[in-house]
Amino acid sequence: MVFGRYCLGGDVGPLLQSVPPPLVRQEQDASLALVFVDGPDRLYVLAFNRKIYKVVRAFGVSTQLRYEETYAALRDIYGLGEDRSRFSPDATTPGRRLVAIRRGEGVAMHVWTPSSAWRIELSWTREMGLALAYVATELNAARAQQIDRGL
């Protein structure tokens, strides 16, 4: 269960009748995206062939402190994880990295893989701000494969 409500790999059907309803519902072929409001945050529930493959919490407030606190909490549970951040060589300080993120020139990301079935991604990007995602590995790969084939 992700955020106590969403089951990776579970059927998305019950969420379509949820109260309150999703703020946004977008469908394309076998893919479905639902957006829910959760206090100051947004929850994105993504499904493929009616199965939930990704749940993302986009935090309403994106700060260095919130990123560090969330990373520390995840590190305490899952270990160090893998740093997949991408910054230019001159973005060596937290301040320069923050500027790079805000300009869209950098991405802070840590990934944990507690199981071959799912992974956790903590990211900070210009587009999403600070986000915490839980991803069902096989469903995500199946969806990516379908997109690559142009279906």
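S123 is buried, with a relative accessible area of 11%, where buried means under 20%, exposed over 50% and partly exposed in between, using a 1.4 Å probe and protein chains only. This is a predicted model, in which local features need pLDDT of at least 70 and side-chain atom pairs count only at pLDDT 80 or more, while totals for chains, interfaces and linings use all residues. Residues are numbered from 1 along each chain as its sequence is written, and side-chain values use heavy atoms, with hydrogens and water left out.

S123 belongs to strand β7 (residues 118-125); strands (E, at least two residues) and helices (H or I, at least four) are DSSP runs, numbered from the N terminus. Not counting residues up to four places away in sequence, S123 touches Y67, A108, M109, G129, L130 and A131, contact being heavy atoms within 4.5 Å.

Turn next to the aromatic residues. A search of the whole structure gives six aromatic pairs. Rings of Phe, Tyr and Trp (its six-membered ring) pair if their centres lie within 6.5 Å; planes under 30 degrees apart count as stacked, over 60 as edge-to-face and the rest as tilted. The rings of Y71 and W112 have centres 5.8 Å apart and planes at 35°, so this pair is tilted. Because Y71 lies in helix α2 (residues 64-78) and W112 in strand β6 (residues 108-115), the pair ties together parts that are 41 residues apart in sequence. Y71 is buried at 15% relative accessible area, and W112 is buried at 2%.

R75 is also placed in helix α2. R75 is partly exposed, with a relative accessible area of 32%. Leaving aside neighbours within four places in sequence, R75 is in contact with L80 and W112. The C-alpha atoms of R75 and L98 are separated by 21 Å, the two residues being 23 apart along the chain.

Ring pairs also link F3, Y78, W118 and Y134 into a cluster. Over the face of F3 lies R57, at 4.5 Å from the ring centre; a charge sits over a ring if NZ of Lys or CZ of Arg is within 6 Å of the ring centre and within 35 degrees of the ring normal.

V37 lies in strand β2 (residues 31-38) and, at 49% relative accessibility, counts as partly exposed.
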